[in-house]
Amino acid sequence: MPDIDAIFQTALRALTAACETTARVQAGFDAREALTKHDRSPVTIADYASQVILSKHLWDVFPDYGMISEENADELRKPENSAQLSSVCEQVRVHLPDISEAEICELLTRGGRGDHGLDWTLDPIDGTKGFMRGDQYAVALALLCDGKVIAGFMGCPRYSVMGGLTPSIFYAAQGEGAWHRILDTPDPDQEIKVDDTAVLTQARIIRGVEAAHANLGIVDVMKARLGMQAEDVRMDGQGKYAAVATGDATAYLRVPQLDSTRKECVWDHAAGVIIVEEAGGKVTDVEGSPLDFTVGDTLAENRGIIATNGAIHEEVLGVVSAIEAEAV
Ligand SMILES: [Mg+2]
């Protein structure tokens, strides 16, 4: 088991620097600088700069740890993208003035699982489409030990649930609870807990924005069927887990279409899962099985995600299952 104090200190310092960078790029965002990856999804200067800054901080202190991260240098190294590579270097050097272009590319290239069972998962911007719209996104970092999530860190510089902006970092480690730091304030970090809503009819549900990622309509069917009154919330990126962990929402549903073959990536969920669990909540797939982070870059053995305050978990699983059974 690694030294949890060293993990907290290093990860929080790295995440704070990455969030400053993504916030600065978002404030002056130029869509012409976005690239399109082979899977047609967008990637921005900020995704790359965030990954470089986090990787550099983490590997300086923990050189043997693996790194399972979303981005790599493939697109940036193409000659036609040299302007974007220059922009990435410029943004990284605001924080790390002496770093070379070669080291930046090397940090983006080096990755994969480590030799000692300790691996970071990193999504340098989770919710890139939200980021590009000027909306919410998360910088998400987690630590796996033999495939089990033992710590999670999530930067949400645009965190907002019911109005009001609270730039935040949420973090948790196994047995240490879950914590909320408000960025740019001297306030001490606060421990967070899920809400105590005991029945689904009173729950506030949070779901994604992008219809390609999940069957967003299932929440509408559920609300209509149960006569649920609470206004639901939509958010880009992994901050949805933070909303459940703080009690800003009672449950997060990510239910795939029945015919979907899309699998969830580990870096999209690892940090959020432990933050909800350490705040007293529960996370499973839509069948009620625990999430399995041991099978590569995706949650290949799981279908969808249900994260709740725990109290209503079985009820949510039952209602989702019933609605899906009728749809077949
Ligand atoms: Mg991403």
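Predicted model: local features only at pLDDT ≥ 70, side-chain atom pairs only at ≥ 80, totals over all residues.
I started with the strand order. I found an open sheet of seven strands, running β3-β4-β5-β6-β7-β8-β9, with mixed pairing. Which strands stand at the edges? I noted β3 and β9 (190-191) there, and each has a single partner strand, so one side of each lacks a neighbour in the sheet.

Next I followed the pairs from β4 onward. β4 runs antiparallel to β5, and seven bridges join them. As a landmark I picked L118, which stands opposite C145 in β5. Moving on, strand β5 (residues 138-145) is joined to β6 by seven bridges, again antiparallel. Here my landmark is L141, with F153 of β6 opposite. Then β6 goes on to strand β7 (residues 168-173), antiparallel, through six bridges. I looked up C156 too, and its bridge partner in β7 is S168.

Is strand β6 mostly covered or mostly open? I checked residues 148-156, and eight of the nine are buried, so I put β6 down as mostly covered, taking buried as under 20% relative accessible area. A reminder to myself for looking at any of these strands: in a regular strand, side chains alternate between the two faces of the sheet.

I looked at how β5 passes into β6. The two form a hairpin with two residues between them, and D146 sits in the turn. Its phi is near 50 degrees, which is positive in a residue other than glycine. I also checked its surface: D146 counts as exposed, at 61% relative accessibility.

D184 gave me another case. It lies in the loop between β8 (177-182) and β9. Its phi is positive, about 65 degrees, although D184 is not a glycine. At 78% relative accessibility, D184 counts as exposed.

**Entry: helix α8**

I went to residues 270-278 next. Eight of the nine residues of α8 are buried, so the rest of the structure largely encloses this helix. Among the buried ones I listed A270, G272, I275 and E278. Just after α8, I came to G280, with a positive phi of about 100 degrees.

**Entry: the largest pocket**

I read off a volume of about 890 Å³ for the largest pocket. Its lining takes in 44 residues, and K37, D39, S41, E70 and R262 lie nearest the centre. By class, I got 13 nonpolar, 11 polar and 20 charged residues in the lining. Several elements supply at least two lining residues each, including α2 (45-61), β4 (118-126) and α7 (239-245).

**Entry: the magnesium ion**

Which residues coordinate the magnesium ion? I found E70 (OE), D123 (OD) and I125 (O), at 1.9 to 2.2 Å. I wrote the spacing of these donor residues as E-x52-D-x1-I. E70 is in the loop between β3 (66-69) and α3 (82-95), while D123 is in strand β4, so the pair ties together parts that are 53 residues apart in sequence.

E70 is partly exposed, with a relative accessible area of 26%, whereas D123 is buried at 1%.

Definitions and conventions. Residues numbered from 1 in each chain as written. Heavy atoms only, no water. Buried < 20%, exposed > 50% of the residue type's maximum accessible area, 1.4 Å probe, protein only. Helix = DSSP H or I, 4+ residues; strand = E, 2+ residues; numbered from the N terminus. Pairing = 2+ DSSP bridges. 1 Å grid on protein atoms, 1.4 Å probe; cavity = no way out; pocket = protein on both sides within 12 Å on 5 of 7 lines; lining within 4 Å. Points joined across faces, edges and corners; volume = space filled by probe spheres on them. Nonpolar A, V, L, I, M, F, W, Y, C, P; charged D, E, K, R; others polar. Donors = N, O, S within 2.8 Å, 3.2 Å for Na, K, Ca; no water.
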